[in-house]
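Here are my notes for your read-through. Keep the viewer open and check each point as you go.

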Amino acid sequence: MKKISIILSFLLISLVSCEEKATNVQVVSYEEMETYLDLEDIQLVDVRTPKEYKEGHINQAQNIDFFSPTFDQDIQKLDKDKPVMVYCQMGGRSAKCAEKMKELGFVKIYDFKGGYSKWKSQEQAK
């Protein structure tokens, strides 16, 4: 019985020490987004096309086109240890981008629910 306890303890320690740090994608509302944008170290990324970006974007956002053939290389130029906020037009591309970033090892990822459409309508309502 004592051997079994020792073996189980060893296996449990091995599993815990090999466990990777879990990265969660947090979907955020307009109000939460405003709060997060006040943080100095957040990286804001617009994953729409350059044409969409030129037609309007959130201040301080950098454009990394999700459909670009160099998307994987471009997104890896960001600092993986700093929080990243992604958005697109309505939320579809940013969700896919967030999952991709999770696979690439980004530590903290925020996905703006509703995208630029939501942002624009909320800003106009002010």
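1. First, a term. Two strands pair if DSSP finds at least two bridges between them. Note too that this is a predicted model.

2. Start with the sheet. Five strands form an open sheet, and their order is S1-S5-S4-S2-S3. The pairing is parallel. Which strands are the edge strands? They are S1 and S3, since each pairs on one side only.

3. Now take S4 and S5. They pair in the parallel sense over three bridges. Look for Val86: its bridge partner in S5 is Asp111.

4. Next comes S2, which covers residues 43-46. How many bridges link S2 and S4? There are four, again in the parallel sense. S4 spans residues 84-87. Within this pair, Gln43 stands opposite Val84 in S4.

5. S2 also pairs with S3, residues 62-63. This pairing is parallel and has two bridges. Find Val45 here: Gln62 in S3 is its bridge partner.

6. Look at the side chains of S2. Gln43 and Val45 point one way. Leu44 and Asp46 point the other way. Are these residues buried or exposed? All of them are buried.

7. Move to helix H2, residues 30-37. Its buried residues are Tyr30, Met33 and Tyr36. Why do they lie on the same side of H2? Because they cover an arc of only 120° around the axis.

8. What covers those buried residues of H2? The cover includes four strands of the sheet: S1 (25-28), S2, S4 and S5 (109-112). Helix H6 (115-125) is also part of the cover.

9. Back to the sheet, with its edge strands S1 and S3. H2 packs on this sheet and touches S1, S2, S4 and S5. The direction of H2 makes about 115° with that of S1.

10. Finish with Arg93. It sits in helix H5, residues 92-103. Is Arg93 buried or exposed? Its relative accessibility is 15%. Buried means under 20%, so Arg93 counts as buried.

11. Which residues does Arg93 touch, leaving aside those up to four places away in sequence? They are Val47, Arg48, Thr49, Glu52, Phe66, Phe67 and Cys88. Pick out each one in the viewer.

Notes. Residues numbered from 1 in each chain as written. Predicted model: local features only at pLDDT ≥ 70, side-chain atom pairs only at ≥ 80, totals over all residues. Heavy atoms only, no water. Buried < 20%, exposed > 50% of the residue type's maximum accessible area, 1.4 Å probe, protein only. Contact = heavy atoms within 4.5 Å. Arc of directions from axis to C-beta. Axes fitted to C-alpha atoms, helices over the stretch in contact; angles between N-to-C directions.
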